[in-house]
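Here are my notes on the model you sent. Please read them with the structure open beside you.

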Amino acid sequence: MVYYIFTGLLAFLMLNWVTQVSPAGEAVHFRKAADCKKNEVYDATSLRCIPCEDQRGLVPSPDGKTCICGPQHKIGKWDAAGFPTCERCPDNQVVTTDGLDCVPCSKKLQIQSNESVSCSPCSISEIRVERSTNGSLNAVAYCLQCGVNFVPTEDKRTCRRCVMYPAFENCSCPQVSHELVNKVYCIPRTHLLDFPDDRTTYTVEYGSGIKVDSLYLRNNLRLAAYQCKQKNHTACQAVANMCVMAMFRDGYRGSPCNFFRDAKHIPTAETGHLPWIFYGEGDAQTVLSRKKILSSYSLDSSSKGNLLNLTVAKFASNGLFLGLASASLDILSLCPGSWGKIRFGANFRQDCAVPASLLFSVGQQPKFFELYLQYWDKSDSMLYALPVLTLNLKDGSRFPNKETDKSGWQLVRRFFLSEAISGVRSKPETDGGLSEAEEGLVPVVLQYAKSLSLRIRVQTGNDKGRVFPPLAIIEYAELSSEALQNNMMVPLQFEIVFEMDNNVAHAIEVSIIVLSVLSIVWAGIQTLSYSRRAGKVGVDLASLFRLVLLTCGRLSDSFFIVVAGAATHTFLFYKGQSVPHMLLPGPYEEYLIFTYVVVAFSLKIVEMAHMIWHQISIDIFLMDWERPRASGNLPRPQANGSANHNSVPESQKISIWRTYFVANEWNEIQTLRKTSLSLQLLVVLLFLKVFGWEQWALPIPDATFNNSGCSGTPPPNIVCRFALAILVYLGVYILQWLLLSGVYERFMKNFVQDFVDVCSMANVSVFILSLENFGYYIHGRSVHGFADTDMQTMLGQLQREEDDLVGHRGLLPATEQQTFQMMIPSQLRACYRKVMAPLTHSVVPSSKRLSSITAQRKPLATTVDRSVQAYHSMNKLLAAFLEHALKDLDYEVRSKLFLESVLDMEFAQNQDKGVLYIDNGHSFDAVLFYGNEWILLTVDIMLFTFVDLLCHDYLLAAIVTGLAAQALVFLRKVGGRKNLAKKTLIDERFLI
C-alpha cells in the first residue's frame, strides 16, 4: 500500500517538473509580455519570460524583446542562445557608441557619476569622435566641430551637409525673415506673400461643389511658386499644371493661376520663363479666325496633302518635359484603339466605357498635354499652337465657355485626361485619424476628360484647302472615392469633326418656306375642288377640316423633299470632290434634317389615315345590265297548287353569281399596288447589307468603300445614312416601277385593266361615288347583250368580238372608252340616298342578313325583302340614268379642259345635268391603293429613313417598314370588305 502511494507521488512530481522546465510541446503555460518582470524579456519562440542575468552584465533592451549589455559594459562575444557576453569597462573609460570597445574621455569631458563614468555631451554643432578614419580606436574620445553648412547626424557620429536651401549659420532658417518650406527650403517671406500658408491656398473647389484641402498642393505649390519666381522653368511648368488641375480658377488668393494673370496673351520675350497657359480675354474670335496655317489640304486619298499631322508636347505633373509625340488615339483618348494619321475631311467618333480603375491608374501619374499642328511652309516644318476650350472653366458663377458668344470664351493651351493627385486630402476628416480614402491615397475626387472634340474648320473662297486653327473642346467630369472603390464603368467620348461654312441650313429653311406656301395654296385648290364635288355652296367646318388634312399631306411632301434633296446634294458632293467645296453638315443641320423628317412622317401618317378612311367609306354599286330572256310560257307553280300567270318563268331568272364575281374581283384589287414592297425591301437590303453599300455612309470623302486612315471604323454619319437610304430606295423603286409598268403590265398582266374586262364579260357596270356629287363609272355593259350563258356561248362571243363582228365596248357608240369621272346631278344623288334609306336605318347588319334564319325568320325576311327591293330599284334607276331614259336626269360625255386636268377640278356647275369626263382608262383607281402610289411610297420611305435615323440599322428599318405596310393592308382590306358588302347589298360571306 505504501509502495503504491510513494510511486504515484513520485510520478506526479516528475510530470509537474517536466511540464515546468520544458516549454516545448503542444501545451505550454500562457504568458504575456506584460507578465514579465523588470529584469526579464519575452521570448517569442517559447512564449515565456526569460531573465537577463545581472552577473553577466545583461539588462533588458528598451523594447523588452532581448537582453543587451548594461551600462559600462562592452560586447565581448555572442553565445549560442543569441545573447552577448558582456565585459565591464575600466572605471576611467566609457563604452564606445557602437558598444564594441572602451575608450577614455578627454579630461575636460570626463565626469564622475555614482554608477558609471560617461563623457559629457557635445554641443549641438559637434560630433563625438572615438575612432580614426581607418577605424582604429583613438586614445581618447573628444568632440569635433562640424564645418560650415554641415550639421551632426542624429546619432552624433558624423557631419552631414545641410539639406536646407539656402543654408544659414548652423543650418538654421531665420524665423523672422524666412520660412522653412517642406523642411528643406528656407524662403524669404516676402516671396511667399501671394501664397500664404493657410487652408484657402491649398483648397481645390471642384465642379460638384466639393472642396478638398489638397495634399499635393500643400507639398508642392508654394515651393514651385517660389522657384518659378527664380525663373526655374520646370517649376513654372509644375505651377501651370496645378492651374490646370484647378480648372483655371484665379479668383482667390493663393491660386496657382494667379501666376499667369498678367500673361494672358501669346508669349513674348518678357514672359519667356512662364509657360503659355491662357490666351487673351476676348481673343477667341480673332484666334480662331487667323489664316496663318499656309499648308493646303486635299480630299483626294492619293494626294500627299490628305493627312492632318497633330503633335503633342507632354509634361509630367512636376513640370518635367517628356518630349513631343504624334497625336494618336491612345494619347488623346483613354478609349481602346488607335489609328494612323488623321484623314483630312474624314469625321471620326468613338464612344466607349472604361473601368474607374483605369482612370485612377492613369491619374496617379497624370500627364499634361499641349497640342500643335505640324505643317510645311515651303521647305520648313512648322508647329502651330492650337487652342483648347475647357467647358468647365468657371468665372464667378457662370461658365463662359459653355455660352454661344465666342467673345466671352477663355481659350487655354494645356489639358489632361485624368488626374487623381489634387483630390487627396492633406488632413484627416475626423479627429480619429485619416479616412479610408487617404490611407490608400485614394482621392476624394478624381477629374477626367469626359469628352474631347477636335474641330477643324476649313476655309472657303480663294483659300480652299486651308484650315483655320483647329480647336480642342474638352469637358471634364468627376468621380467620387465611392465610385472608384466600386470600379464603376465610366463613359468616354472622342471625336474629330471637320467643319466648313455652308448655307445648307439657310437653303433648307428658305426652301421650306417657299414650298410650304405653295403647299398651302395647292391644298386650298384641292379643297375648292372638294367643295365643288361635294356640292357645298359655302365654306363649312367639313371644308376647313378637309383643308387641314390636305395641308398635312402637302406639307409632309414638301418637308421631306427639301431635306432629302439637301442631304443627297451634300452626300454626292462630299463623296465626289477632291478640292473641299462642301463638307458634311454640322450638328445643327443634322438636327434640322432629323426634325423635318420626324415632322414630315407625322404629317404623312395623318394623310395616310385620311386616305384609308376615305376609301373605306365610298358609295359603290354593281349595276347588272342582264335582262330576263323568255324561253317558255309555263307558269310557276305555287305552294297551294294554283298557278301564278304573272310570275316570270324559272328559266328567265337572272343569276347573281356574275355580280358576286365582280365584287370579289374588286375586293382583291383594293390593296393592289404598282410595285411589290417585299421585293423592294429585299433588294434594298441586298445592296446595303450584302453588297456592302452601307459603308458609303461612313464620313469619309471617298466614293469607294475603302476606310483608309483609320484602323477602327468610325460611326456612320446621319446625313450620309439618310441620303444613302433615299438614293438606294428610290433607285430600286424606279427600276422596279419601270419593269412592272413598262414590261409586266404592258405585255403580261394588268390587274386594273383586267378588272374592266371582267366587268364587260360579266355585263356588270361599277358605279362609284367618292364624294356627294363626284365619282367614277366603269362601263361594263356587254356588247353581246347578255352574259348569263354557258361556256360555249361565251367563247363564241369572245371570238366574234375578236373578229370585230360586234360593236365596241365603250359607252358611246363606236368608242372603246369604258371608264369615266363623273359629276352627277344633285337630284340623282337624292334619289340614290332615298333608295338606300330603308337599309341605312335597318338595325340588322348586312353581313348577318341571312344568318340565323330559323331563329329570326320574320325580321330577316323583311330585311331581305328590303335589300332585294332596294337592289332592283337602284339597278333600274342607274340603268335608266345611263340610258338617258330619265326626263329630268340626264348627262353628257366630254373631255376635260387642260386646266381642269392640271388642277383636278371641274369648272362646270350645272346642278341639273351630269357630266361624264373621259379619263385615262383607270381614274377609278383613286379609290384604291393602286392609284395612290405616291402616298404609299412616301409613307414607306419616310418610315424606313425615320427608323434608321433613330436606330442606325437598315435591317430593322426594313422589318418595321414591312410590318407597318402589312398592318395598313390589313386595315384597308377589313374596312373595304365591310364597306363593299354594305354598299353593294352583297352578303359579306360571299366575299372571298
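1. Start with the contacts. Of the contacts in the protein with a separation of 6 or more, 66% are between residues 24 or more positions apart. Contact means heavy atoms within 4.5 Å.

2. A word on the source. This is a predicted model, in which local features need pLDDT of at least 70, side-chain atom pairs count only at pLDDT 80 or more, and totals for chains, interfaces and linings use all residues. Residues are numbered from 1 along each chain as its sequence is written, and side-chain values use heavy atoms, with hydrogens and water left out.

3. Now the overall content. The protein has 22 helices and 38 strands. Both are DSSP runs, numbered from the N terminus: helices are H or I with at least four residues, strands are E with at least two. Of the 992 residues, 47% are buried. Buried means under 20% relative accessible area, exposed means over 50%, and partly exposed lies in between (1.4 Å probe, protein chains only). The accessible surface is about 50600 Å², and carbon and sulfur atoms hold 58% of that surface. These areas come from the Shrake-Rupley method with a 1.4 Å probe; for residues, only the protein chains shown count as cover.

4. Six strands form an open sheet with mixed pairing, in the order S31-S34-S35-S36-S38-S37. Its edge strands are S31 (619–624) and S37 (890–895), each pairing on one side only. Neighbouring strands are turned by 25 degrees against each other on average, direction ignored. Two strands pair if DSSP finds at least two bridges between them. S37 and S38 (residues 913–918) run parallel over six bridges. Serine 895 has isoleucine 918 in S38 as its bridge partner.

5. Helix H16 (residues 751–762) lies across S34 (764–769), S35 (774–778) and S36 (819–823), and runs at about 125 degrees to S34. Axes are lines fitted to C-alpha atoms, for helices over the stretch in contact, and angles run from 0 to 180 degrees between N-to-C directions.

6. Which residues does arginine 673 touch, not counting residues up to four places away in sequence? They are Phe929, Tyr930, Glu933, Leu936, Leu937 and Asp940. Arginine 673 sits in the loop between helix H13 (657–669) and helix H14 (677–690). It counts as buried, at 17% relative accessibility. Its side chain makes a polar contact of 3.0 Å with that of glutamate 933 and one of 2.8 Å with that of aspartate 940. A polar contact is a pair of N or O atoms within 3.5 Å; within protein, one must be able to donate a hydrogen and the other to accept it, and residues adjacent in sequence count only if both atoms are side-chain atoms.

7. Finally, the disulfides. A disulfide here is a pair of cysteine sulfur atoms within 2.5 Å, and the count comes to nine. One of them joins cysteine 52 and cysteine 67, with sulfur atoms 1.9 Å apart. Its S-S torsion is about -85 degrees, so this disulfide is left-handed. Cysteine 52 is buried at 2%, and cysteine 67 is buried at 3%.

8. Compare handedness in another pair. Cysteine 228 and cysteine 236 are joined at an S to S distance of 2.0 Å. The torsion about their S-S bond is about 100 degrees, so this disulfide is right-handed.
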